[in-house]
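The points below are grouped by topic.

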Amino acid sequence: MADKWSARDPLSVHRIDVEDAAGVRLIAFDRPEVRNAFDAAMYAAVTEALAGALEDGATRVAVLTGRGPAFTSGQDLNEMAIIASGGGGPGAGRGFRDLLDVVVGFDKPLLAAVHGVGMGLGFTLLGHVDLVLVDEDTRLRAPFAELGVPPEAASSLLLPERMGWQRAAAALLASEWIDAEEAVRSGLALRVCSAGTVVTETMELAGRIASFAPHATREIKRLMLAARRPDVIAARAREESAFAALFADPGTNPGSQLTAGLER
Amino acid sequence: MADKWSARDPLSVHRIDVEDAAGVRLIAFDRPEVRNAFDAAMYAAVTEALAGALEDGATRVAVLTGRGPAFTSGQDLNEMAIIASGGGGPGAGRGFRDLLDVVVGFDKPLLAAVHGVGMGLGFTLLGHVDLVLVDEDTRLRAPFAELGVPPEAASSLLLPERMGWQRAAAALLASEWIDAEEAVRSGLALRVCSAGTVVTETMELAGRIASFAPHATREIKRLMLAARRPDVIAARAREESAFAALFADPGTNPGSQLTAGLER
Amino acid sequence: MADKWSARDPLSVHRIDVEDAAGVRLIAFDRPEVRNAFDAAMYAAVTEALAGALEDGATRVAVLTGRGPAFTSGQDLNEMAIIASGGGGPGAGRGFRDLLDVVVGFDKPLLAAVHGVGMGLGFTLLGHVDLVLVDEDTRLRAPFAELGVPPEAASSLLLPERMGWQRAAAALLASEWIDAEEAVRSGLALRVCSAGTVVTETMELAGRIASFAPHATREIKRLMLAARRPDVIAARAREESAFAALFADPGTNPGSQLTAGLER
């Protein structure tokens, strides 16, 4: 286990706040100084908080949100540049895959209260969320084409399914920004909340779901997932294979683009 | 066959009106005193009317509607409480499955003129309808989470497909009401009709389809179905298995919630 | 190869304009006197232009458009009537299938600048296009039900996926016209462009995509396609089988409807 998420012990670092009340677990990304970017410690903390929500009989619903002005800017690009340069050690990239494993199999209702910027994983993660509420200031972007990397988190499957092929293609192939209205119109999110209300509204909806028989809401979610799970697993496998091939080829390794991205 | 839909002979009871004209069969749920709830006799009558529409070469298109103020309130909860308490006999639940069998394989165009309340099956049935027109007073609800039961009629697959994951999750996990505008915006229905016009407008659309070569419209419907049928069958099997497990476990049998629901 | 697309040499006839610049290949249907209808020569020309775009390392993105007032009126009905009457020779219908083969496997971003009428293939082809921009005068129609023929180009799968079941059923079963706003609202197209700007706007979007690393945009498209390809191939096979059965049966061969259609 020592090398599971890199040489450090990622769980010893503060990355998230977890609040449990009335059957709802709120998981708040809390690294606002870097717009809640996901480093190894963040992956480990969110993975553990979600896995715990599944194991804990008292938790019926989980809610994701971000502290500060952003939802999350996604993968920490400093860490990705290290991985791209081969300096990540044997556990490199495992944090992301561990998080996805628990998200893809999360068979309790999963909500998100999104505000501000959602970049990369801050966007693609929403393809796995059952009910996404967005503050009117939300702006989402998948910078894969710009960074020269393949899509992640089964987004090559889930964004077309959830947003329609056209808007997914605009997001994935053209790296276009998506605002709150477009997130709802395309089907990625449920509704827009007026400024400052998104966490409250999401918690109200979570509370409503948590008021129902937990065996029923879990069964409903499990059945909804069951219809899509094999395709999601296959999409992840294709994407990870493409990612590995890209990094293995010096002509396509995105190290330099990433470094350039960091400097902008 | 005596026990096919319970000990009674369900077809001897009036439950529906059937009108055939110009290639269109109109099937109107006609039990307005209980908002067109589906008991064994209603399941049997609608199943027979749809099966007959498939067999009859003169019928090119079928249309479902409800008499009185509601489309249908779905499963008769009195009968479901009897089934939940083990008093339904060997044919319990078979009426529902027989109806679904014919609906899932219905390879002629199937339309619905919906007005007022559609609850439970009155909502999930629409996931199998090709063209749903809704009166502006339409209100749909899937009370599965509230009643503590799994989704039915392949709705765990079809509502996400037709409405998008977000709106399907709001319907299935939060038992939220859906109005006419939302039914159209989400993709569940084709268009909203002004008060009192939905049957006329649906019959006009049915008549237009019935004016085309029947081998072509049937082939088009058959090809559209073929792409989805295996997934629909698999979803029904998962849901029925979940339903059976729920009823077999005293801790989750919804008998008491159903009785409480009846008293509200 | 002599009979590949009929006895003539179709590539010797002018059917399209091809312009390559800055990584973008523009393929413009240029047969405005018959609203850019697809005859054997048009199929061959577009197939070759797309296949060439895949092979050419300098081409990163392809854009389809039509010269004159129409996008394309689809299959040339004069030629289809000849095929229906058995006069098409051994290569009849092969042009369509060859075009579809390259479109279904087109793993670079594919855009369309649509204006005016898109009929038949001019509509169903859009189910394979990643980013469809439509002039406000766009009008699309799938006349299969009216002509008495099955759907084509995997549209029995792709139109429900891209437009939702309800709007696809209205298009396929009722041969309803779809205007520019409806194309966007349903998810078939990305956005409406004001009169006369659709080619410019589409080329700008294509240019943006072409500015990214081509291995990444191709990989993104390849991964998006991979999730859908097996279903698309299966849908085409079902449709082609239905088409063959229809033509083989004198009772359903659409020759007379096609001839009548030509006279309207």
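In helix 3 of chain A, which spans residues 94-104, the buried residues are Gly95(A), Phe96(A), Leu99(A), Leu100(A) and Val103(A). These residues lie on the same side of helix 3 of chain A, because they cover an arc of only 130° around the axis. The model is a predicted one.

- An α-helix has 3.6 residues a turn, so residues three or four places apart point the same way.
- The partners of the buried residues of helix 3 of chain A are helix 1 and helix 10 of chain A, against which they pack.
- Helix 1 of chain A comprises 16 residues, 40-55. From its first C-alpha to its last, helix 1 of chain A reaches 22 Å, close to the 22 Å expected at 1.5 Å a residue.
- Helix 1 of chain A has buried residues that include Ala40(A), Ala41(A), Met42(A), Tyr43(A), Ala44(A), Ala45(A), Val46(A) and Thr47(A). Also buried in helix 1 of chain A are Ala49(A), Leu50(A) and Ala53(A).

**Nonpolar core**

- In soluble globular proteins, nonpolar side chains tend to be buried together.
- The largest nonpolar core holds 261 residues, and Val63(A), Val63(B) and Val63(C) touch the most other members.
- Apart from neighbours within four places in sequence, Val63(C) is in contact with Val24(C), Leu26(C), Ile27(C), Leu111(C), Ala112(C) and Ala113(C), among others. The contacts of Val63(C) also include Thr202(C), Met203(C) and Ala206(C).

**Relation between the chains**

- Chain A is superposed on chain B by a rotation of 120°, with 0.0 Å of shift along the axis and an RMSD of 0.0 Å. The two copies are thus related as by a three-fold rotation axis.
- Among the residues of chain A, Glu161(A) comes closest to the rotation axis, with its C-alpha at 4.8 Å.

**Contact between chain A and chain B**

- This contact involves 23 residues of chain A and 25 residues of chain B.
- On the side of chain A that touches chain B, at least two residues each are supplied by strand 6 (131-135), helix 9 (198-210) and helix 10 (214-248) of chain A.
- Helix 10 of chain A provides the largest share of that side, ten residues.
- The side of chain A that touches chain B consists of 15 nonpolar, three polar and five charged residues.

**Contact between chain B and chain C**

- Here 23 residues come from chain B and 25 residues from chain C.
- The side of chain B that touches chain C draws at least two residues from each of strand 6 (131-135), helix 9 (198-210) and helix 10 (214-248) of chain B.
- With ten residues, helix 10 of chain B gives the most to that side.
- By class, the side of chain B that touches chain C has 15 nonpolar, three polar and five charged residues.

**An exposed loop residue in chain C**

- Ala195(C) belongs to the loop between strand 9 (191-193) and helix 9 (198-210) of chain C.
- Ala195(C) is exposed, because 9 other C-beta atoms lie within 10 Å, and exposed residues have 12 or fewer.
- Beyond its neighbours within four places in sequence, Ala195(C) is in contact with Asp135(C), Glu136(C) and Asp137(C).
- Thr138(C) is 57 residues from Ala195(C) along the chain, and their C-alpha atoms are separated by 9.9 Å.

Key: Residues numbered from 1 in each chain as written. Chains lettered and ligands numbered in written order. Predicted model: local features only at pLDDT ≥ 70, side-chain atom pairs only at ≥ 80, totals over all residues. Contact = placed C-beta atoms within 7 Å. Helix = DSSP H or I, 4+ residues; strand = E, 2+ residues; numbered from the N terminus. Nonpolar A, V, L, I, M, F, W, Y, C, P; charged D, E, K, R; others polar. Least-squares fit on C-alpha atoms with pLDDT ≥ 70 in both. Buried ≥ 20, exposed ≤ 12 C-beta atoms within 10 Å, placed from the backbone. Core = buried A, V, L, I, M, F, W, Y, C linked by C-beta atoms within 7 Å. Expected span 1.5 Å × (residues − 1). Arc of directions from axis to C-beta.
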